[in-house]
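Visitor: I am new to this structure. Could you show me how to read it, one feature at a time?

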Amino acid sequence: MYKKLRTLQTIDESGAVLIVRLENADVAERVAEAAIAGGFRALEITLSIPGAVDVIRRLSAKHRPSGVAIGAGTVLDEHSAYECIRAGADFLVSPQLNPAMIRMANRYQVPTISGAYTPTELVESAEAGADILKIFPTEAGGIPYVKSVLAPLAHLPVMPAGGVTPGNVAEWFAAGVACVGVGSAVTKAWQPDGDFSRVTEAAREFLSAVAEARK
């Protein structure tokens, strides 16, 4: 199977992308490892983390052979896109539409998840070649907004990013999303006592809820 299709299949089969946006590279890597142990197969390491590219390089080299897709998030331009691709990023995520970033990714056959909010932005992102459209900021409109937007645009593969929990993930899929992005509900589970095994437990709980919602 083509590499790009394999990555998209990984995201589709798992139904969820973990958004790792934390204060430093060490914590981000520990959280990513714990989440992978809990079953996550698609993880976005955001470039807002100092040293994020090195984290992507290490995680990709270690986990790609076992079918885990490590992506780069907050990719704002084509220079950052190329740097992440060279480091081994399996997919690129942006908070906004950046045609140059998408063009760079398509040149190297790397999938993109492009941020958009309004119907116009969603359609323009699809026209620019984005593979998945990230509703951002998700909390602004929530499930009712996404459901309304997808009524006429049901053919678009949309992923909400923010505000998704095990308790409401079924409502998101019922609204018509293709997959979901989740962050703090999993990535910050260790914070009460510094126990990273809590991230593994939270990952299992979240993915179980996703699987149940998609039956």
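Guide: Start with a unit of strand, helix, strand. E2, H3 and E3 form a β-α-β unit, and this unit is right-handed. Keep in mind that the model is predicted.

Visitor: In what sense do E2 and E3 pair, and over how many bridges?

Guide: E2 and E3 pair in the parallel sense, over five bridges. Ile45 has Ala72 in E3 as its bridge partner.

Visitor: Which strand pairs with E2 over three bridges?

Guide: That is strand E1, residues 16-20, and the sense is again parallel. Look at Glu44 in E2: Ile19 stands opposite. Between E1 and E2 the chain passes through helix H2, residues 25-37. This β-α-β crossover is right-handed.

Visitor: How many residues of strand E2 are buried?

Guide: Buried means under 20% relative accessible area. In strand E2, residues 42-46, five of the five residues are buried, so the strand is largely enclosed by the rest of the structure.

Visitor: Which residues of E2 point one way, and which the other?

Guide: Ala42, Glu44 and Thr46 point one way. Leu43 and Ile45 point the other way. All of them are buried.

Visitor: Is E1 mostly covered or mostly open?

Guide: E1 is mostly covered, with five of its five residues buried. Read its faces in turn. On one side are Ala16, Leu18 and Val20, and on the other Val17 and Ile19. Both faces are covered.

Visitor: Now the pockets. How much space lies in the largest pocket?

Guide: About 340 Å³. Next, look at what surrounds that space. The lining has 19 residues. Nearest the centre lie Ile19, Arg21, Gly162, Gly183 and Ser184. Ile19 is also one of the buried residues of E1.

Visitor: Which elements each supply at least two residues of that lining?

Guide: Strand E8 and helix H9, residues 184-187. H9 gives the most to the lining, with three residues.

Visitor: How does the lining of the largest pocket divide by class?

Guide: Seven residues are nonpolar and seven are polar. Five are charged.

Visitor: Let us turn to charged pairs. What can side chains of opposite charge do when their charged atoms come close?

Guide: They can pair. This structure holds nine salt bridges. Begin with Lys3 and Asp90, where the closest N and O atoms are 3.9 Å apart. A salt bridge needs the two atoms within 4 Å.

Visitor: Where do Lys3 and Asp90 lie in the chain?

Guide: Lys3 is in helix H1, residues 3-14. Asp90 is in the loop between helix H4, residues 78-87, and strand E4, residues 92-94. The pair links distant parts of the chain, 87 residues apart.

Visitor: Is Asp90 buried or exposed?

Guide: Asp90 has 4% relative accessibility, so this residue counts as buried. Lys3 is at 35%, so Lys3 counts as partly exposed.

Visitor: Which Arg forms a salt bridge with Asp90?

Guide: Arg64 does, and the closest N and O atoms are 3.0 Å apart. Arg64 lies in the loop between helix H3, residues 52-63, and strand E3, residues 69-73, while Asp90 sits in the loop between H4 and E4, so the pair ties together parts that are 26 residues apart in sequence. Arg64 counts as partly exposed because its relative accessibility is 37%.

Visitor: Which residue meets Arg198 in a salt bridge?

Guide: Asp193, at 2.9 Å from N to O. Arg198 has 36% relative accessibility, so Arg198 counts as partly exposed. Asp193 has 44%, so Asp193 also counts as partly exposed.

How values were computed
Residues are numbered from 1 along each chain as its sequence is written. This is a predicted model: local features need pLDDT of at least 70, side-chain atom pairs count only at pLDDT 80 or more; totals for chains, interfaces and linings use all residues. Side-chain values use heavy atoms; hydrogens and water are left out. A salt bridge is a side-chain nitrogen of Lys or Arg within 4 Å of a carboxyl oxygen of Asp or Glu. Helices (H or I, at least four residues) and strands (E, at least two) are DSSP runs, numbered from the N terminus. Buried means under 20% relative accessible area, exposed over 50%, partly exposed in between (1.4 Å probe, protein chains only). Two strands pair if DSSP finds at least two bridges between them. A crossover is right-handed if, with the strands pointing away from the viewer, the path from the first strand over the helix to the second runs clockwise. On a 1 Å grid over the protein atoms alone, a cavity is a set of points where a 1.4 Å probe fits but cannot get out, and a pocket is an open set with protein on both sides within 12 Å along at least five of seven lines; lining residues have an atom within 4 Å of a point. Grid points are joined across faces, edges and corners, and a volume is the space filled by probe spheres set on the points. Ala, Val, Leu, Ile, Met, Phe, Trp, Tyr, Cys and Pro count as nonpolar, Asp, Glu, Lys and Arg as charged, and the others, Gly among them, as polar.
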